[in-house]
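Good morning, and thank you for coming. I would ask you to keep the sequence and the structure in view while I speak.

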Amino acid sequence: MKFIINSKIFWALLLVLIVFLSGVLGFRYFSSYTWIDAIYMTVITVATVGYGEVRPLDPAEKMFTSVLILLSVFILGYAFSVITEHVFSKNNIGNLREKKVQKKIKSMKNHVVVCGYGRNGKQAVQKLLAYKQPFVIIELNEEIVDRYSEEHLLFIHGNASEDEVLIKAGIEKATTLICALPRDADNLFIVLSARQINPKLKIISRATEESSYQKLKLAGADNVIMPDKIGGDHMASLVVVPDLVEFLDNLSVSGEHDSINVEQVPFEKICTDGKELAIMDLDLRKKTGCSIIGYKSAEGEYIVNPEPSMILKKDSKLILIGRPNQIDKLKQIYHV
């Protein structure tokens, strides 16, 4: 109630009501009009529509009508500006945008939640866009939300360490959480909260300090990435084994046509009938042109360059390499 009384709209509408009642009472008692005629005269005077009077006015009534017209013009103008400002204010546009985003998130499932839209967050989003993965971004900085919402990205404005904000982002139905905030303490808190809400969630977190690596792992992060360490190792590798590193840099998972691509295919996409087969029986090289370079077992064990006789087990994955057109053929055949 206090909020309503203190709002500009309340006072603007109150002034309009006062002017209207003043006109009705003035015409009723000052000019001896009937109530219907008093209301009619007030409406055409306040609205300045220019209809004729009920009867000719004497000089005193003309002065009263003139004052009423001037007051109504200023007060109605003020009320109109206040209401327009409220309707088109930044907060209300934000509320409409938030409702639209929430409606889309409610229909989403198996999506990715990205916490933080800084340098690492942007890189993660670009990769998700390239792979057409559905995602939601949680960002605390309102300026960033306003700036990038026009790019048709789904933003939740809020603190990702709060359970309510994670739930708004659909964390219960998500498959993956990416914590890309600059402070390790914030990422740690988010990992703890998200793991409690969704125990099956795959969590990937950024870390700055080496001491935070184990803490994030204990908190429930499946993977902990240290961008600074990776960058330093990469630069040193360019000195030690430059040709090898440059070749590996050309391995792309973003579908760039001038690069060699790498793709992973789960068991259920290859063996649609659920029957476990040997790699040689799949004949993937002949069907797609792609070569198998890795195998991930259901237990999470990685095998590089698996033997052709290896049996592809349920819940496992194959990692393949090929040129863009070969990867496209792989995707078409196996619906990756």
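I begin with a definition: a residue is called buried when its relative accessible area is under 20%, exposed when that area is over 50%, and partly exposed in between. Please also note that this is a predicted model.

Let us apply the definition to Asp 283. Is Asp 283 buried, exposed or partly exposed? Its relative accessibility is 34%, so Asp 283 counts as partly exposed. Asp 283 sits in the loop that links α14 (279-282) to α15 (284-288). Its phi is positive, at about 55 degrees, although Asp 283 is not a glycine.

Asn 305 is another non-glycine residue with a positive phi, here of about 50 degrees. Its place is the loop between β10 (302-304) and β11 (317-322). Asn 305 has a relative accessible area of 55% and is therefore exposed.

The largest nonpolar core has 29 residues, and the members that touch the most others are Val 113, Cys 115, Ile 138, Ile 156, Leu 177 and Ile 190. Several elements supply at least two residues each to this core, among them α5 (90-106), β1 (112-115), β2 (135-139) and α10. Which helix gives the largest share of this core? It is α9, with three residues.

Leaving aside residues up to four places away in sequence, Ile 156 touches, among others, Val 101, Ile 105, Val 136, Ile 138 and Val 165.

Now look at helix α10, residues 211-219, where the buried residues are Ser 212, Leu 216 and Ala 219. Why do these residues lie on the same side of α10? The reason is that they cover an arc of only 60 degrees around the axis. Their cover includes α9 (184-197), β5 (202-206) and β6 (223-225). Just after α10 comes Gly 220, which has a positive phi of about 125 degrees.

Finally, we move to the surface. Val 239, Val 240, Val 241, Leu 244, Phe 247 and Leu 248 make up a nonpolar patch there, and their accessible area together is about 580 Å². Val 241 belongs to the loop between α11 and α12. Because its relative accessibility is 36%, Val 241 counts as partly exposed.

Note on methods: Residues are numbered from 1 along each chain as its sequence is written. This is a predicted model: local features need pLDDT of at least 70, side-chain atom pairs count only at pLDDT 80 or more; totals for chains, interfaces and linings use all residues. Side-chain values use heavy atoms; hydrogens and water are left out. Patches are made of residues with over 30% relative accessible area and no salt bridge: like charges are joined within 9 Å, nonpolar side chains (Val, Leu, Ile, Met, Phe, Trp, Tyr) within 5 Å. Accessible areas come from the Shrake-Rupley method with a 1.4 Å probe; for residues, only the protein chains shown count as cover. A salt bridge is a side-chain nitrogen of Lys or Arg within 4 Å of a carboxyl oxygen of Asp or Glu. Helices (H or I, at least four residues) and strands (E, at least two) are DSSP runs, numbered from the N terminus. Buried means under 20% relative accessible area, exposed over 50%, partly exposed in between (1.4 Å probe, protein chains only). The arc is that of the directions from the helix axis to the C-beta atoms. Contact means heavy atoms within 4.5 Å. A nonpolar core is a set of buried Ala, Val, Leu, Ile, Met, Phe, Trp, Tyr and Cys residues joined through side-chain atoms within 4.5 Å.
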